[in-house]
Amino acid sequence: MLPNYINLLSQLIAPSNFNQNNNNVAQAAHREPTATADLFEFLGEEVIYHTITSATTQKRYKIPQDLPPSIISALHHQGIQQLYSHQLKTLKAVRQGRDVILSTATASGKSLSAYLPILEGIIQHQFTALSVYGLKALTADQGQKLANFIQLIPEHERPDLAILTGDTPTETREHLLATNPSIIGATPELIHYALKGVHWSQPWQHFLSRLRYIVLDEAHTFNGVYGANMTSLIRRLKLAVDERGGCSHKLQFLMLSATIGNPVQLAKLLSGRTRKQTANKPDRLVWINSSGAATPERQLIVTKPSYDANSDVARIILFLLQQGQTGICFSNGRQAIKNLWATLKQEAISQSYYGIESQVAIFYGSLTSERRTEIINSLQSGKVKCILSTSALEAGIDLPQLDFAIIRGWPGSLQAFKQRAGRAGRTKSGLIVFIPIAQSPLDNYFAERPELLLSAESELVSFNANYPIDIAKHLMCAAVETGIPSNKLKHYFGKSAPQIATALIEQGVLHKSRDKLWAKGFPHKDVNFRGGTGASTVQLVDAETQEEIEILSAEIAYREVFPGAIYRTQNSDGCLVTYSSQSLLNGKAILQKIPETPLFTVAISRTDTSLKQKLSLPQQIPLVIPEIERYVQDNSTDSNAISGQAILELVWGEISQLVTGYQLLTRNYGLTCLNRKCVNYREPLSQCTACPVCGKRTRSAELTSVLNEVNFEQAYEIKFATPMLQISLNSPVELYLQQIVTTTRQELLQSQQPIPPGYQQMWEYPPSLLAIHSFGHQILAALPLTILASANDVNFLVEKRGANEYVGLFYDLAEGGSGTSEAIFHSLPQLASNAAELARSCSCSSGCPKCLIHPGCPDGNKALLKQVGMLLCEAF
């Protein structure tokens, strides 16, 4: 019998009670190294911003002589004769039994900071340590570096190490565990499933009974649903430690992070040690954020927003490669880097640059582990000079010294930008080039304010660690693994755990006997650790060789390998191989290799919603709007309407993401006019050195055109059920908004001045659509300021119902929800107040990424105007 998580959620939701630069270029130009000076000249007027962050010198201290001699000897063998200040502070804190959150700069030696005290504890006290890495590739990379260091320790003291990922064969995994390792490195998912077998595994029982240290590498990645699941996994680990004779109270957490705005809060959430310190019980957590490690000089160049980013980036990459530079270029998405690679190859041909296939590799997460390793090794050996990567290489995996990092398009957050920028200049000076995309509002915003890119504080990491459905799923897992002492439910799983457990007992899926709660079955499969729409995958298979090419999530596969799709991947020789998808059925896509072609496909998709079950009664929230009574009396046809109201309702719904067909397009690379005001803009002009219409010099660029559009008889569909918050406005508010917009339009026309940017939308969209859509985005911007949630956990869209009625929908982006929509439901007045304050304090005129524009908007960030949304925010 399976748990009914929807009913459980509806039982636990209580009704709400609502109560009322160009100067930088000139100053920095004379300080550039030769390669950068040449690039600066190459880009010319395209550069809109250039700055240099100065290098800092290192500060080292003597290695403490009370470290075990075997560790000191291993350090000397690696050429380490002294330690940095943050490494010494970490050693001292761990020796005192404290937890540590270490957030020093990239390449400052954070890993060594953690493992020096850990190895000391293992050698002197036979403790064990569990290292958690967010990615399989990161696990293997960091595990190998740790293994190399451990090998320098004499055999009689050398700890055994087991690195376990989903790629580790079962026999190898069992062999590694049989050695009774002192250190296990693994992904959260592997630990999640491994805990189910602890009852039958002597090695795991032995390991947990002596567990003292838990390392969380790249802790900033534990955001949103991922962070909530990680917190519950740690709760289960504490229970497993105690059940196997260990002491969870003595566990020490060492968290390594970078580029976040709230490292201390994140560390306390993950460890579950959130109690405030007192005179008798000082805080166990030590935050170390300063480093004695040297930081190299870094230079940032920002170009004008590009209308042909692939061509512009390709020219920059080739220029830097010709200067003997090595580096990485980040793009947002797998398809983006494949398109960039195709353009780069065409540009190389036009420049008679040979050997590009062997010098440039593309890297993304769904590549096989063997191919990922091959690319990194080729970069380290110098065979590969440049990698085109998605966010898969944004953090964690150590890369060799790179001269440049190109960032094609805004990556979605300052945190991600800084992680990508940190890939250049780890030990010597590095160059960062940001190419904004002209069609993106976010890119344009940071192009206008480039000084924020390296100086502004990174975003907050946040999540709801006590969402009932998440707790219920992990309670079920723990009840299968070890059983849960019924008198310690709160101790391990928080205040809401007894109520959740009672609901599960009433459903007949959780059982109580001998003062313990037990369950049967395999509830672990219900936990989708990283959120999203489900864990199902699709295997891509070569039709001729029957070999696996890649594995994609079903959500991505439906968009990229539908029948008729053209799919590309890079082989080990660096050549881009082109396939045509023959079928997509039962978790397998059969791909037929075809000759290289300029054709490509783009999925046609839409998002539908369906409301299934009410989780709350409708809440009518009075809105305080000046003079609305007059508008009601003069204009309303509703005799019962006496004031403006927003109507909120929490519901359980279904999101359907459908791929309904595709477009077949062709891409050519040739001469064209790039004057956007010219009739020949992006028209082929292959024989012309200048445009015959406007006279501008022609340039090489990507030219695309649609050849055909295909509709599927049956759409490919991803469904997921999740909580939604529905918000609508009553007629007095709609009348008020109509009057305000009409008056504003008249005033703008009478002023005989140009219409301010953004205000033209008052003529393009209905006032209620503008207001609800803008309000929803402003609430998303204020989320981290109000509740433990991330804007990445929830989305917002507007649906038209009836002739002129618009309804806003907040919906969680994870199967089963993350608690974010519910938190908005309970906290909307406070959220609206914070959103209004955020919008007022923002210096923009009509809306920006800080206060309004949301990168994941299903409606393409259309119908948004800051001032109209503020009317609703201020009315709550």
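I take the expected span of a helix as 1.5 Å times one less than its number of residues. Helices (H or I, at least four residues) and strands (E, at least two) are DSSP runs, numbered from the N terminus.

**Entry 1: ground rules.** I note that this is a predicted model, in which local features need pLDDT of at least 70, side-chain atom pairs count only at pLDDT 80 or more, and totals for chains, interfaces and linings use all residues. Residues are numbered from 1 along each chain as its sequence is written, and side-chain values use heavy atoms, with hydrogens and water left out.

**Entry 2: helix H6.** I looked up H6, residues 110-125, and found 16 residues that reach 23 Å from the first C-alpha to the last, close to the expected 22 Å. For cover I call a residue buried under 20% relative accessible area, exposed over 50% and partly exposed in between (1.4 Å probe, protein chains only). In H6, 13 of the 16 residues are buried, so the helix is largely enclosed by the rest of the structure.

**Entry 3: helix H20.** I then turned to H20, residues 468-481. Its 14 residues reach 20 Å from first C-alpha to last, close to the 20 Å expected. H20 is mostly covered, with 14 of its 14 residues buried. Just after H20, Gly483 has a positive phi of about 80°.

**Entry 4: the whole protein.** I count 29 helices and 30 strands. The radius of gyration is 29 Å, close to the 29 Å that the globule rule gives for 876 residues, so the protein is as compact as a globular protein of that length. That radius is taken over C-alpha atoms, and the rule is 2.2 Å times the number of residues to the power 0.38. Along the principal axes, the C-alpha atoms fill a box of roughly 85 × 75 × 60 Å. Buried residues make up 56% of the 876. The protein exposes about 37,300 Å², of which carbon and sulfur atoms supply 48%; I note that these areas come from the Shrake-Rupley method with a 1.4 Å probe.

**Entry 5: aromatic pairs.** I searched the whole structure and found 17 aromatic pairs. Rings of Phe, Tyr and Trp (its six-membered ring) pair if their centres lie within 6.5 Å; planes under 30 degrees apart count as stacked, over 60 as edge-to-face and the rest as tilted. The ring centres of Phe42 and Phe319 are 4.5 Å apart with planes at 15°, so this pair is stacked. It links distant parts of the chain, Phe42 in helix H3 (residues 34-43) and Phe319 in helix H13 (residues 309-322), 277 residues apart. Phe42 is partly exposed at 37% relative accessible area, whereas Phe319 is buried at 13%.

Tyr193 and Phe522 form a tilted pair, 5.9 Å centre to centre with 45° between the planes. Tyr193 lies in helix H9 (residues 188-194) and Phe522 in the loop between strands E19 (516-518) and E20 (537-542), 329 residues apart. Tyr193 is partly exposed at 38%, and Phe522 is partly exposed at 39%. I also noted one aromatic cluster formed by Tyr558, Phe562, Tyr662, Phe712 and Tyr716.

**Entry 6: Cys694.** I found Cys694 in the loop between strand E27 (645-672) and strand E28 (699-729). Cys694 is partly exposed, with a relative accessible area of 30%.
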